[in-house]
Amino acid sequence: MSAVAATDLFRIYPSEEGAAAALQGLSLEIEEGELVVVFGPSGSGKSTLLRILAGLERPSAGTVRVFEQDLRTLRGRALAEYRSRTLGYADQHYVRALAPELTAHDLVALRLELLGADPQECARTADRLLDRVGLADKRDARPGELSGGQQQRVALCAALAHRPRLFIADEPTGELDAANAAQIYALIRDLSAEAGVTTLVVSHDPESAVVADRVVQVRDGRISADDGDAVVNRGGWIRIPEELLGATTRARLEPRSGGVFVHTLTAAREPVAPPADASSDAVVAEVVGLEKVHGRGARATRVFHDVSFSLGAGRLSAITGPSGSGKSTLLQLLAGLDRPTAGQVRVLGQDLGGLDATQLALLRRRSIGVVTQGTDLVPFLTARETIELALELRGVAGDAGRTLAAVGLEELADQRVARLSMGERQRVAVARALAAKPALLLADEPTARLDEANARSVGALFAELARTTGAAIVCATHDPVLIEHAQAEVPLATLAA
């Protein structure tokens with residue numbers, strides 16, 4: 001029996017600007033107990049497919065059944081029953097699923113308790129799962145006391161505790177380093193197999209294919225490849241991978257015995273020059289003897305100790321290190337959004353420790369840009385309006401259209417943020433921070449939601465902007481695609497409490 005059967009799915013988002021199709025005739029079958037990984041570039045329709053399977057959206061056309069339940073007809077109590085019992089869902093922003101006031105044990109047991117399971121069974125299940133993922137000693141820790149990798153493991157346990165029949169995960173390792181990502185993929189495979197769960201994982205990370213029974217590719221809202229074979233969709237539609245096409249826009253089809261031969265003319269690509277060293281020795285920001293401790297007493301956790309480095313003008317720098325090493329915390333300190341336990345942070349010659357909240361806000365407005373994960377954008381604004389609003393609030397002039405073109409969004413400039421994919425929203429967040437041309441640009445995992453092609457584009461863009469504007473651009477990242485564009489690296493290591 002097929003666990004998932006989707007046929008000719010369309011998902012169209014109407015608006016005043018015109019309709020946009022996220023899915024365009026997608027068909028997919030998944031067998032019971034199978035683990036399928038779905039790849040595809042930003043905006044290809046992957047997350048829309050997951051939202052339909054989660055019962056969060058309905059298809060505009062086509063059919064979709066999960067264990068013979070027609071998701072188009074589920075309403076009210078039946079839909080709630082499907083979501084609470086049949087489905088396990090891990091959102092790409094896993095922190096959202098972790099109530100900050102609950103312990104890891106409480107979070108894992110919560111779904112079972114809400115379903116009316118015996119309290120002792122809930123406790124045993126939570127203990128067993130936390131032990132299974134190596135977090136038995138963290139059962140009483142709250143999310144804020146856990147590293148990113150540990151939080152993701154808790155979120156996985158919470159999503160699988162009630163033994164759902166279908167488990168879906170949207171970019172489950174987007175914010176994790178390679179080592180933690182490999183652990184999460186292995187846990188998804190092992191926990192899914194132990195529970196007999198049918199699993200669908202959406203990812204940009206090629207390493208996730210290692211745990212898959214089958215890999216499918218989504219392009220332009222359709223399945224374009226299945227386990228390496230190109231899929232011929234209704235009407236003879238077939239998608240040829242860009243890496244095979246090169247720069248050509250035309251192809252000639254020749255009937256052959258047993259198939260069709262495709263002739264393409266490939267254009268030679270111009271080599272991309274590596275980033276040139278910045279000519280300026282000016283220091284935009286520096287930290288000296290920096291130490292940061294979270295919490296107090298027995299719960300105190302030292303994030304890092306005696307960290308010192310400087311950030312030069314016209315350079316792209318990468319802050320690297322495993323999940324939990326303090327990359328995001330370091331960016332918060334550089335932006336003046338948090339205070340160090342010890343040491344100094346200086347930006348443009350000013351010691352941030354000597355500035356009050358108002359002075360810090362003025363410094364950020366004038367000289368610091370922050371690239372978020374794209375989740376704080378106003379959904380009803382267009383991409384262009386988002387940039388224009390940021391410029392207006394900063395009181396500076398800028399060209400919103402040109403900035404959006406620089407991140408490859410010129411064609412979507414007048415689309416509302418709510419209609420953009422997560423990868424597209426991420427690029428809007430990048431453009432918003434770049435538009436004001438700050439002296440210091442801080443980006444926290446700016447390529448975590450992007451496919452490799454877009455990640456390379458953003459990395460090249462950051463390197464180019466650092467070189468041409470003289471800004472110090474700093475990225476907290478574990479993405480090797482972004483790191484290879486950087487001219488300086490600040491490695492952090494995880495410290496024990």
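Glu194 is partly exposed, at a relative accessible area of 44%; partly exposed means between the cut-offs for buried (under 20%) and exposed (over 50%), with a 1.4 Å probe and protein chains only. The term requires a side-chain nitrogen of Lys or Arg within 4 Å of a carboxyl oxygen of Asp or Glu. Glu194 lies in helix α6 (residues 178-195) and Arg132 in helix α4 (residues 119-132), so the pair ties together parts 62 residues apart in sequence. Helices here are DSSP runs (H or I, at least four residues), as are strands (E, at least two), numbered from the N terminus.

This is a predicted model: local features need pLDDT of at least 70, side-chain atom pairs need 80 or more, and totals for chains, interfaces and linings use all residues. Residues are numbered from 1 along each chain as its sequence is written, and side-chain values use heavy atoms, without hydrogens or water.

The salt bridge count comes to 22. Another one joins Glu484 and Arg456 (2.4 Å, N to O). Glu484 sits in the loop between α14 (480-483) and β22 (488-491), and Arg456 in helix α13 (residues 452-469), so this pair links parts 28 residues apart in sequence. Shared partners join Arg65, Glu68, Asp70 and Arg72 into one network.

Now the interior. Helix α5 has 13 of its 13 residues buried. Gly369, in strand β19 (residues 368-371), is buried at 0%. Its C-alpha atom is 6.3 Å from that of Leu440, 71 residues away along the chain.
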